[in-house]
Amino acid sequence: MIRFRPVQLGVGGAAECRLCGGREAPSRRDAVAVAEEFSVLADEWNAAPGPNVLLCGCEPFSHPDLPEIVGAAVAAGTERIGLLTDAIALGEADNASGAIASGVRYVEAILLAPNAAEHDRLSGIPGSFDAAVAGMEALVHAASVAEEKVALVGRVVVCPHTLKSLPEITLVFAKASASAVRYVVRKELCASRLEWVFAALDTAVVSRMWGWVDGVSLELLGDRALHAEAAVVVEGGASS
Amino acid sequence: MSGEGFLKVALVALNATGYQSLALGYIRAFAQADPRLQGKVGFTTLDLSADLDPWWLAYRLAQLKPEVVGISVMCWNRCLVCDLCSILRKALPDVRIVLGGPEVGPIAEEVLARNSALDVIVRGEGEETFAELLHAYVKGTPVWRVDGVTCRREGGIVSSPDRGLLSRLDDVPSPYLAGVMQPNEGTAYIETYRGCPHSCGYCFEGKGYGRIRYFSNERVEAEVDALFSAGVRTFSFIDPVFNLTRDRLVWLSGVLAPYVARGLRLHTVEVDVEHIDSTAAKLLRAAGVVSVETGPQSVGPEALRICKRAFDRERFASGVAALKAEGIAVECDLIVGLPGDHTSDVLDGMRFVVGLDPGIMQMSTLHVLPGTDLWNRADELGLDMMNELSHEIVCSQEIGFTDLRRLEALGSAITGVYRARLESTT
């Protein structure tokens, strides 16, 4: 419904648990090439509202030219600039307020577990859970101070290691004032284990958030098909 | 009575924060202008916010030692008013508690039967009825003889005949011109007519008035000048349709334009967007309008039929485009849970509105308001709502409880992402 076009800033971002996803060595694209992509995208964008981009691939805050990249997106007329991030850097220095000031209005924050011990084990980064939660809080606070509307959306890659924590992870996002959670279900996950995804979706709704499910057919979602973008968007394309 | 023949009246409105009740302003201005009440009735108006504690409200009222408390009841303060009245009855056993407003007038007998703390409900247009009621209190004559009230009598509940509508709206003094209300920046309203040309099944905007009655042009012009002279630079019009006719829009635009040149801005006027072309949009801009509110409420054919609403996708989109071209932000409203709407219709409505990129998108769940066609036909239409609370719909025939809650959450998330954007590029 509101499409975001993914724009790769590089590779090696920590979107999923290290026990499942093979992690590529981090690398970053040239900022000039990214800026050119914004211009092309803006010219090609043919359906309101937009254009909207989601900067992803590598951890955005690890890209040394992130401010210039966001500036190029603004200059290209991008309406919504989003970041897919582990949220750690959002809590550092003035990153949250700086991102908002430069034009970021949408953040998808990744969590792998609902507590520090498990999240840090799955991410392989000590202290990453507390830092991510602090980062989300910093973003919400900075948006409030700046009096800007910024959408915070949670993101979980659903694998055997995150599956049974999904409802609790959802509550962490709810406490952080996220408006939605995106559950990206890995292909190899057995359909019989979707009950945990369903529980997470229901947890989201009763927490006054929305849950999006990627990677599960409408048939398998049954009466929860509304949570699949395909059921909402119709025209196709990424939606939030 | 606090003295021989003198009645202390407290008027209470519980509004969104920062807002004032124009209705109470009218009620007070009309009563104060009644020669029969002059020197016999004193008024205090409490324009307070609806997020206050009822105990604190009762405490504040008790300090005034009123003989009569009149409270305006709207859908957003209904529960708070009920709590307040129950406390007041015990705190001030002799006080007469009078309610009025769209939330209680159409179901007056039911409300009185449910809440023993209440004495009288003023039904319909309140100015004349409330003044007559006060006159009855002052004279000591029976309240049930006042047209337009529902009250208690000999252990029962009785309703007097409906009162006819005021034939001349100008008979109601302007609260601003009479000094009854001091207008606030950003939240002041002006009303130029009563009634609504539409009869949407879910809406009580027309309040059963049946026909449109206008305040005089001179009165409206004087109110605009009064607000501007009081330093107010942003206000709004409460009219159900600001662009009621082209002639009226031309007139209003001409009235407002000189003030616009000196900094006046109008926000959130309601418009019939399907009747806006580039000329009308230019007139709105000349009138200082920076934002408008409109439907479509639903795009589902069956819901539109049941709710007696016309909707033309192309005309609607054309109107929104014309407004955007003039730099006017458009708030498009959708109602979730209208009878006749399936989940797919609600999604279609969301896609339609998002695709228009209007600037502001608002989704709300259906509240079946007393006095509306949907209220009267709720059983027939299979609408299940919370009668004792906010009248919010629990489920419809077409959308069950669970899917309704899902649509609320989805709508909230979509709205949140939609509004999170760089304003300069819209």
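Domain bounds here come from an automatic or database domain assignment. For chain B, that assignment gives domain 1 (7–159) and domain 2 (183–425).

Some ground rules. This is a predicted model, where local features need pLDDT of at least 70, side-chain atom pairs count only at pLDDT 80 or more, and totals for chains, interfaces and linings use all residues. Residues are numbered from 1 along each chain as its sequence is written, chains are lettered from A and ligands numbered from 1 in the order in which they are written, and side-chain values use heavy atoms, with hydrogens and water left out.

Back to the two domains. Their C-alpha centres lie 29 Å apart. The contact (heavy atoms within 4.5 Å) takes 16 residues from domain 1 of chain B and 22 residues from domain 2 of chain B.

How much area is buried between them? About 1,600 Å², with carbon and sulfur atoms giving 53%. Buried area is the accessible area (1.4 Å probe) that two parts lose on being put together, summed over both. On the domain 1 side, Tyr19(B), Tyr26(B) and Glu125(B) lose the most, together 31% of what that side buries.

Glu125(B) comes up again. Its side chain meets that of Arg194(B) in a salt bridge, at 2.8 Å, N to O. A salt bridge is a side-chain nitrogen of Lys or Arg within 4 Å of a carboxyl oxygen of Asp or Glu. Between the two domains, the count is three salt bridges.

Now helix 5 of chain B, residues 127–139. Helices (H or I, at least four residues) and strands (E, at least two) are DSSP runs, numbered from the N terminus. Helix 5 has 13 residues and reaches 18 Å from its first C-alpha to its last. That is close to the 18 Å expected, taking 1.5 Å times one less than its number of residues. Ten of the 13 residues are buried, so helix 5 is largely enclosed by the rest of the structure. Buried means under 20% relative accessible area, with exposed over 50% and partly exposed in between (1.4 Å probe, protein chains only). Among the buried residues are Phe130(B), Leu133(B) and Tyr137(B). After the helix comes Gly140(B), whose phi is positive, near 80 degrees.

Last, the two chains. Their contact takes 34 residues from chain A and 24 residues from chain B. The area buried between them is about 2,400 Å², and carbon and sulfur atoms give 68% of that. Met1(A), Glu79(A) and Leu226(A) supply 25% of the area that chain A buries against chain B, more than any other three residues.
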